[in-house]
Amino acid sequence: MTLAAFQTALADLTASPALCRQVRTKPETLRERYDLTAKEWRRLGGIATSKGSEANCMLSRANRLAPIALNRPETCTALGDDLNRLLSAYWDSEPITNVHFLIEAERFCRFLRALPALPSVARPSLEQAHALVAAQLAVTRKMARAARTDPWQLHRRRNK
Amino acid sequence: MTESWKCNSVNPSAADTMTTGMTRITPMVGLLYNPAVPIVLDAIGARVDFVEVIPDRLWYDCGIGAPHRFSHARAALDALRRYARDRAIIGHGIGLSLPSVMPRDAGLLDEVVASHRALNYRWYSEHLSLFLVPNRSLPNAQAGLGLPVVLDQETLALIGSKVQRLSEALDTRLLLENGTSFAAIPEPDMSEPAFFNRLHAETGCGMLLDLHNLYANTLNLGISADAYVSELDPEIVVEIHLAGGDWLKGHYTDSHSRLTPAPVWAWAHAWAPRLPNLAAITFEYHASSHKRLSLAGMPREIELMHALADKVPGSRVGAGA
């Protein structure tokens, strides 16, 4: 199962600039964390030390921020300089991205509300934002439950 | 591999180029469908032979195990149905992540198959990129961050088995697209063109050659596009993608935000006529860039694609690419 470990490690490196930095200074980190062959370890080390790893991390974070920034921009603004730190903490606690943008945004709001040390300036707008995104999500779930017809049935095409 | 490629064209301009009794047809010209594409189709739809649809954008996925997992974007489906009525549709998936070591997502596969039954894709493509890994997933806002795969026998066998099951489930031709990477995996056991050639030889899976992805890789990784294409079996390429991107802190991104850059056009004109099974030329752009691209010359881009298609001798429709 080392390919599985390799793929997980590659994704972890992509999601975490801190892990990349750690691997650059201490390559053994990868062997300690993942079950890798020597070749896989060299490959991942090569990626962590490459110029491109910076771009990987940048795009990964930008893409993961997208559903939150698109659906709750006011929350991001209210968090100000704390946003980056809180996003990292959220992603550590939820390493699996949900492709459903509303689920991702609602989950982030819920995570923030559970934080005792949330910046006080952000709390009022956060509660409002959470209620709104939760309501939007509830609507899409209700629509899914209520759908009585096969959505594809309505769209059958003749062979073109 | 089951051969079920439907060779009848729905587009008059393409159909006109087909000689009766011959088995060659000019490649179709089309757009990757996004919410802004209907504006283009309203304006110059007669020049757009097909739309390429990302089925994953037609539903909301609450995740494996969720009750009522998929809810469908019915308004988007209705719009697609209207605009695709007289056009071919090609399916272009991003969710199945064939190179991942995890078993296939049966629920998602069922949904993809259902979409094919409804929309009748000419063929279906996926990516030679990782979007899912064990216990993790990659945020792919617009398939913007697929990770590179290890090019070795183990990955070839893994993808090959999934390709065969997917093509059986869909009962249509399957293509795999070359991806972009900011950091190539060192010490590959084989080159990427060799990987595609072998995958085709072993499974019949064709290739979607994304020339802009290749362009990005020449800029970011320093690879030679000429060497890449020279090593590729020209018979396996069924579709090419064109697009434009942006620079981000010294890295060139496949952001689908610009018109096709000049070097990519030069490659397209040099290489497309040598691809005997080339059947479609697709321009990809992001909906958020629609206003700028339209004003800058979307109609011209489409005419350039037709000019390119006219230079291609014609694909051998139904041949085993």
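Student: Why is strand β2 (residues 28–32) of chain B largely enclosed by the rest of the structure?

Tutor: In this predicted model, five of the five residues of β2(B) are buried, so the rest of the structure largely encloses the strand. Buried means under 20% relative accessible area (1.4 Å probe, protein chains only). Strands are DSSP E runs of at least two residues and helices are H or I runs of at least four, numbered from the N terminus.

Student: Which strands pair with β2(B)?

Tutor: Strand β15 (residues 280–283) of chain B runs parallel to β2(B), joined by four bridges, and Met28(B) stands opposite Ala280(B). Strand β3 (residues 50–53) of chain B also pairs with β2(B) in the parallel sense, over three bridges, with Leu32(B) opposite Glu52(B). Pairing requires at least two DSSP bridges between two strands.

Student: What handedness has the crossover from β2(B) to β3(B)?

Tutor: The β-α-β crossover, which passes through helix α2 (residues 37–44) of chain B, is right-handed. That is, with the strands pointing away from the viewer, the path from the first strand over the helix to the second runs clockwise.

Student: Changing topic: at what angle do α1 and α2 of chain A pack?

Tutor: Helix α1 (residues 2–15) of chain A and helix α2 (residues 17–25) of chain A pack at about 110 degrees, with axes 5 Å apart. That makes the two helices roughly perpendicular, a term covering 65 to 115 degrees. Axes are lines fitted to C-alpha atoms over the stretch in contact, and angles run from 0 to 180 degrees between N-to-C directions.

Student: Which residues of α1(A) meet α2(A)?

Tutor: Asp12(A), Leu13(A) and Ala15(A) do; contact means heavy atoms within 4.5 Å.

Methods:
Residues are numbered from 1 along each chain as its sequence is written. Chains are lettered from A and ligands numbered from 1 in the order in which they are written. This is a predicted model: local features need pLDDT of at least 70, side-chain atom pairs count only at pLDDT 80 or more; totals for chains, interfaces and linings use all residues. Side-chain values use heavy atoms; hydrogens and water are left out. Buried means under 20% relative accessible area, exposed over 50%, partly exposed in between (1.4 Å probe, protein chains only). Angles under 35 degrees count as roughly parallel, over 145 as roughly antiparallel, 65 to 115 as roughly perpendicular and the rest as oblique.
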